[in-house]
Amino acid sequence: STGILTSSSTSTVKLTGDGANETIGASGGGITFYNLQVGVGSLTQNRTYSTTTITVTNVLTIGPTSGSYTATLNINSGNTVTLSGTGTPLVLNDNGLGLTTGIIGNALGIVNYTGNGATVVTGATYYNLQVGNAVTQTGSRTYTLGADTSVAGVLTIGSNTNNNGYLQTLDASSKTLTLSGTGTPFVINTYGAFTASSSTVA
């Protein structure tokens, strides 16, 4: 059978299931959410969710705000989670007692921040991270690291497609950016730029 999910401009989809091997998206990918919340319910053990290609236009939230268990979102290899919201479009919850309960998993997919305005890149461990790799921006934009960040695969900034010459910049601020990938772990495309500020790149 064929189904269509229509997510309105202000809707929130919550995945609160406490089961195993829950998958978001469809085999063809391309589902768009406004707010998506993953693993925000009461968990009885650490849970892992997987996703195909999706877009979240406002905020993606992962993990419960209480308890001692975590929710991990794995992005399947060959798939991309596009975060097109501005501000802080990715929230990794904690339990208020020092445990980060929301985790981006180490699957081989991509997280791409494409906000059309000032955007904070949430401090986390990513596999492949892209910043501003789109042509939807209506001007040059700056994406700023919100906390120390690690990239195990490839960090890519900007696009190779000309969008009125707009430049998309990653500002590392005062954070530590750790690139542990092999080969070419840091790619600055034609319309990308990197501002080191007082950061440390390791």
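The model is predicted, so local features need pLDDT of at least 70 and side-chain atom pairs count only at pLDDT 80 or more, while totals for chains, interfaces and linings use all residues. Residues are numbered from 1 along each chain as its sequence is written, and side-chain values use heavy atoms, with hydrogens and water left out.

The secondary structure consists of 21 strands and zero helices (DSSP runs, E of at least two residues for strands and H or I of at least four for helices, numbered from the N terminus). With a radius of gyration of 17 Å, close to the 17 Å from the globule rule for 202 residues, the protein is as compact as a globular protein of that length (taken over C-alpha atoms, the rule being 2.2 Å times the number of residues to the power 0.38).

Turning to the interior, 45% of the 202 residues count as buried (under 20% relative accessible area, 1.4 Å probe, protein chains only). The largest nonpolar core holds 35 residues, and Leu60, Leu90, Tyr113, Val121, Tyr126 and Leu129 have the most contacts inside it (such a core is a set of buried Ala, Val, Leu, Ile, Met, Phe, Trp, Tyr and Cys residues joined through side-chain atoms within 4.5 Å). Beyond four places in sequence, Leu90 is in contact with residues including Leu60, Tyr113 and Thr122.

Thr122 lies in the loop between β11 (119-121) and β12 (125-126). Thr122 is buried, at a relative accessible area of 12%. Not counting residues up to four places away, Thr122 touches Thr88, Leu90, Leu92, Tyr113 and Thr149.

Key
Buried < 20%, exposed > 50% of the residue type's maximum accessible area, 1.4 Å probe, protein only. Contact = heavy atoms within 4.5 Å.
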